[in-house]
Structures are given as C-alpha cells and as structure tokens.
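These entries record, in order, what I looked up in the structure. I began with the ligand, then turned to the open space and to one helix.

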Amino acid sequence: MNIKKKIILSGMRPTGKLHLGHLTGALESWVAMQGEYQNYHLIADYHALTTNPDTSGIYENSIDMLIDWLSAGLDPEKSPMFRQSKIKEHSELHLIFSMLITAARLERNPTLKEQIRDLNMDNVVYGHLGYPVLQAADILLYKGDVVPVGEDQLPHIEITREIARRFNTQYASVFPEPEGKITKFARLSGLDGKRMSKSIGNTILLSDSPEVITKKLRTAVTDPQKLRKGDPGHPDICLVFDYHNKFNHSEIPEIRENCKSGKLGCVDCKMNCAKKIIDALAPNREKRDYYESHMDKVKDILADGEKHAGTIAEQTMAEVHEAMKLG
Ligand code: SF4
C-alpha cells in the first residue's frame, strides 16, 4: 500500500556559514527525518531582509548555507532545497494571507516583542511585522503537515494554523493545519557561555579547520572556580562539559569524576573535547571539500530543488485561485 508521507517544511535565513548550534538545533533532526517524511528546505532569503535590507553577499551566503546543509547529510533526491525569492508563489500567497489576519494579532506576537527587545529596535518595518504571514505562506504552499521548530517559534506556527483555518472557512478546504514539532536537542551555548551567535563571534563553524577548532576551544569559558589542575571543578556549570556531552558522550562519567576530584585539568579536558568535535565534523568537512570543488553540482542541486518546489507551488496556487473563484 502506498502511504503518503507527511510533509515537512523548514528553512533558515542565509546569513552565511553555519555553526554547531545549527547542527544540533536543526540539521541533525532534518537529516534524521528525511526517510520518514517528505522534506522541503527553504533558503529564506526574503526573510533575511526583515531585519537587514542589505543584500550584498546574500547569494554567496545562500550557496554557503546550501553546502553546509549538503555536508550535514541532506540528500537532494529526498529533500528539495530552494531559494524563497525564486519561487514567486511565496510572495503571492503571502499577499492573500495578509488579508486574513489583523495587524493587532501580529503585534501581539511574543516572538516579535522579544526580537524588538533583543535587537534594540526603535522601528519595525512592515515586512518584519508580517514575518509570520510570509512564514505561513512558506509552509502552506507545500501543504506542510509538520514544522520542526525551537520552542520560541511555536507562536508563529499558531499563526500559520489560524490563517489556514481562516482560508479554509472563507473559501474552501485547501490547507492542512500544520503541527510544530519541537526539535529535541541540547541547545549548545557559545564559547563565552552566552547564546551561540555568529554576530557575537562565539561560535564553532561547521566549516572550521581542525586548527581553528582547537584554537577556539582554548578560549572557552569553564567553571570559574577551577583555576588550575588539582582544584575541584563543577562540570554541570561548564560549557566544555556540555560539548563533551554532545560529542563525547561515552567519556562523560570519567570526565565528571576526574573534574570533580581535580585529577583532570581544564587544558587537557578542552583539548580532548576539541579532538572529539574535530572527529565528529570530519565527514562534514570531507563533503564540504567535495562540494566546494564541484560548484557546478551545487548549482545544479539548487536549480533542481527550485524546479521541484516551483511545480508544487504552482499546483497549490491553482487550487487557491479555484477556491477563491478568481477564474
Ligand atoms: S575539567 Fe573540563 S569539565 Fe571540568 S571545569 Fe575544566 S573544562 Fe570544565
């Protein structure tokens, strides 16, 4: 029996090379879901403009991000990857959806309020307020059933569900009401203990060389009370221990014990951790080297993904027009 796979839509803004946080927070779960679901992955280049209209480097960043996706194990045969700006139907559906939600509802969005606070924004552009509406169009254009998200994105999925319901009630039943699927991962902190972010410069990039990873790990903050080997440490408040937990899980009991007793010093512990991260990223690095020296292949993968996505998007918009009796 041919059972239709559920559809997943997920994407990222093309802000350049990806870091460990992207790997543990999204890419690993996208790759794991590839067989069970029909995945679609969006390079959200229009979304990137909501907080910064500068488009210099946006194409290079998109290609760099695509290479990171491929290097992490996304298979273009199973998971079409495409740029939002190349599928015109995203903009068209966004326009239609923008008539189905009030400005007051969007202003109440808690994620927007947090972004305004975190980015210290004085003014919010119209497109930023409407970010969840464009996101609804991104998801529903492919009739996404499931959207892998971090907890902070759940309010956006709720807006997508509301818009789908409103469209289906107003016109005809075209769209599913997608579910948010919380990605289960330990969110990794940056090397300074703060949220991992490229703009802060506290990341380990998936494309970093072994030498750079080792150098960066040396600067990682640890338990401030453990000043030298021999001092008893508190691994549960140490971010290097978190990294071990992710990349060197089998040695966790030994590291915990030796850190606490003082037998293990932070320098040795960090170098061991660097080695494990380097080993874990070795397959990514190998694939990245391959794609970087086969850029034609990367561009073909993107073109194929855009062709595939464009076909689905056209079909959905034909249904939308019919439901709306636009002729
Ligand atoms: S020994 Fe390792 S786990 Fe313990 S504080 Fe130092 S770096 Fe952290």
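**Entry 1: the ligand**

I looked up where the ligand lies and found that it sits in the largest cavity. I note that the model is a predicted one. I then listed the residues around the ligand: T222, D223, K226, C238, V240, F241, C259, L264, C266 and C269. By class, I count seven nonpolar, one polar and two charged residues in this shell. I also asked which helices contribute to the shell, and found that α10 (239-247) and α12 (266-292) each supply at least two of its residues.

**Entry 2: the largest pocket**

I next turned to the largest pocket, which holds about 1,800 Å³ of space. Its lining comprises 48 residues, and R13, H22, D152, Q153 and R195 lie nearest the centre. I sorted the lining into 17 nonpolar, 21 polar and ten charged residues. The elements β1 (7-12), α1 (20-33), α5 (110-118), α7 (131-141) and β4 (146-149) each provide at least two lining residues. I noted that α1 gives the most, with six.

**Entry 3: helix α13**

I checked the length of helix α13, residues 295-323. At 1.5 Å a residue, its 29 residues should span 42 Å, and the end C-alpha atoms are 42 Å apart, so the two values agree. I then looked for buried positions in α13 and found, among them, V298, I301, L302, G305, E306 and A309. Further along α13, G310, A313, T316, M317, V320 and A323 are also buried. Finally, I recorded that K325, which follows α13, has a positive phi near 55°.

Note on methods
Residues are numbered from 1 along each chain as its sequence is written. This is a predicted model: local features need pLDDT of at least 70, side-chain atom pairs count only at pLDDT 80 or more; totals for chains, interfaces and linings use all residues. Side-chain values use heavy atoms; hydrogens and water are left out. On a 1 Å grid over the protein atoms alone, a cavity is a set of points where a 1.4 Å probe fits but cannot get out, and a pocket is an open set with protein on both sides within 12 Å along at least five of seven lines; lining residues have an atom within 4 Å of a point. Grid points are joined across faces, edges and corners, and a volume is the space filled by probe spheres set on the points. Helices (H or I, at least four residues) and strands (E, at least two) are DSSP runs, numbered from the N terminus. Ala, Val, Leu, Ile, Met, Phe, Trp, Tyr, Cys and Pro count as nonpolar, Asp, Glu, Lys and Arg as charged, and the others, Gly among them, as polar. A residue is near a molecule or strand if one of its heavy atoms lies within 4 Å of it. A molecule sits in a cavity or pocket if more than half of its atoms lie within 2 Å of its grid points. The expected span of a helix is 1.5 Å times one less than its number of residues. Buried means under 20% relative accessible area, exposed over 50%, partly exposed in between (1.4 Å probe, protein chains only).
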